[in-house]
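Please walk through the strand pairing and the charged side-chain contacts of the structure below.

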Amino acid sequence: MTNRRHFLTISAAAAAFSSLGTAAQPVHVWQGIALGARTTLRLSHPDAEAISARVATEISRLEDIFSLYRPDSALMQLNRTGAVQAPPFELLECLSLAAAVHRASGGAFDPTVQPLWAAYAEASALGDAPTAQALRHARARMGWQRAEIAKGRIALGQGMALTLNGIAQGYIADRVARFLGSEGLSNVLIDTGEFRALGSHPDGHAWPVRLTSGGQVPLASRALATSAPLGTTFDEKASRGHILDPRSGTPARNIWREVSISADSAALADALSTAACLLDSRAEIDACVASFKDAKVEAALAAG
């Protein structure tokens, strides 16, 4: 469950006061960094600059919780020390959803896969694959059942570490959508690599979001996430994909080229699309997704 892309884009567009017949506002563009990747916010609104600054502050606050790039983030503190007292609500909420997807996917979705990812990343830096011994050592430090999650404390077993890169991008998209809604915006599309539509397109129709494989999914007050096992790889030959199976310790098998899931939240769509890439059949994907109200498989394209 590693970061699927080198760059993320958060883009939002809003029709300000269109119902009052006022002239269209120019598009204000803000650029920054979120979750270690380049981020863009495009906003059409009379107070676009001020709203963009507040969005940037909110993203930074969320990074202080979820980032694997900031040494003092709540997640990094948890991985470093093995426990966090009085954890942030957002971290608890995200882990609660992760637990639900873990159960629904039969363990395919597992944030404790971080030691396994580290083993592949370290071997990849040397131009090689991890040794059997390295994989055994990594897997011995995994296991969702060994994570204790409670309102007052989150604790991990010895040597464990979490990654939320299979869900946090979507979660941040949801939080940004909520924030923009509180600012009075109602026609917004946010893209963090996962799409989150707040309302509809300013023209009154659903936002037309294109799938990378072709086709289009209309989004209105809904989210869409797409995962591809070989979207990011550890090796130059692009044979060892970035989505790792905690049950086998290996990259996702060459069953799916990409899977797209829509849901009422981007965090859920994000996690489900990641898990789906590790399931063996369309029937298994459908059963997993059916565990969540309003979630839907938009596309599941077989490899080959």
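**Salt bridges and strands**

Arg61 is partly exposed, its relative accessible area being 32%; here buried means under 20% relative accessible area, exposed over 50%, and partly exposed in between, with a 1.4 Å probe and protein chains only. The model is predicted, so local features need pLDDT of at least 70 and side-chain atom pairs count only at pLDDT 80 or more, while totals for chains, interfaces and linings use all residues. Residues are numbered from 1 along each chain as its sequence is written, and side-chain values use heavy atoms, with hydrogens and water left out.

The side chain of Arg61 meets that of Glu58 in a salt bridge, at 3.0 Å from N to O. The term stands for a side-chain nitrogen of Lys or Arg within 4 Å of a carboxyl oxygen of Asp or Glu. Side chains of opposite charge can pair when their charged atoms come close. Glu58 is buried, with a relative accessible area of 12%. Both residues, Glu58 and Arg61, belong to helix H1 (residues 48-66) and lie three residues apart, about one turn of the helix. Helices (H or I, at least four residues) and strands (E, at least two) are DSSP runs, numbered from the N terminus.

By the salt-bridge rule, the count comes to eleven. Another of these contacts joins Arg153 and Glu148, with the closest N and O atoms 3.9 Å apart. Arg153 counts as partly exposed at 37% relative accessibility, and Glu148 as exposed at 51%.

A further salt bridge is formed by Asp174 and Arg196, whose closest N and O atoms are 2.9 Å apart. This pair links distant parts of the chain: Asp174 is in helix H6 (residues 168-182) and Arg196 in strand S7, 22 residues apart. Asp174 and Arg196 are both buried. Elsewhere, salt bridges with shared partners join Glu58, Arg61, Glu90 and Arg175 into one network.

Which residue has Arg196 as its bridge partner in S7? That residue is Ile190. Strand S6 (residues 188-191) and strand S7 (residues 195-198) pair in the antiparallel sense over four bridges; two strands pair if DSSP finds at least two bridges between them. S6 and S7 form a hairpin with three residues between them, and Gly193 in the turn has a positive phi of about 95°.

S7 also pairs in the antiparallel sense with strand S10 (residues 223-227), over two bridges. There, Phe195 stands opposite Leu224 in S10.
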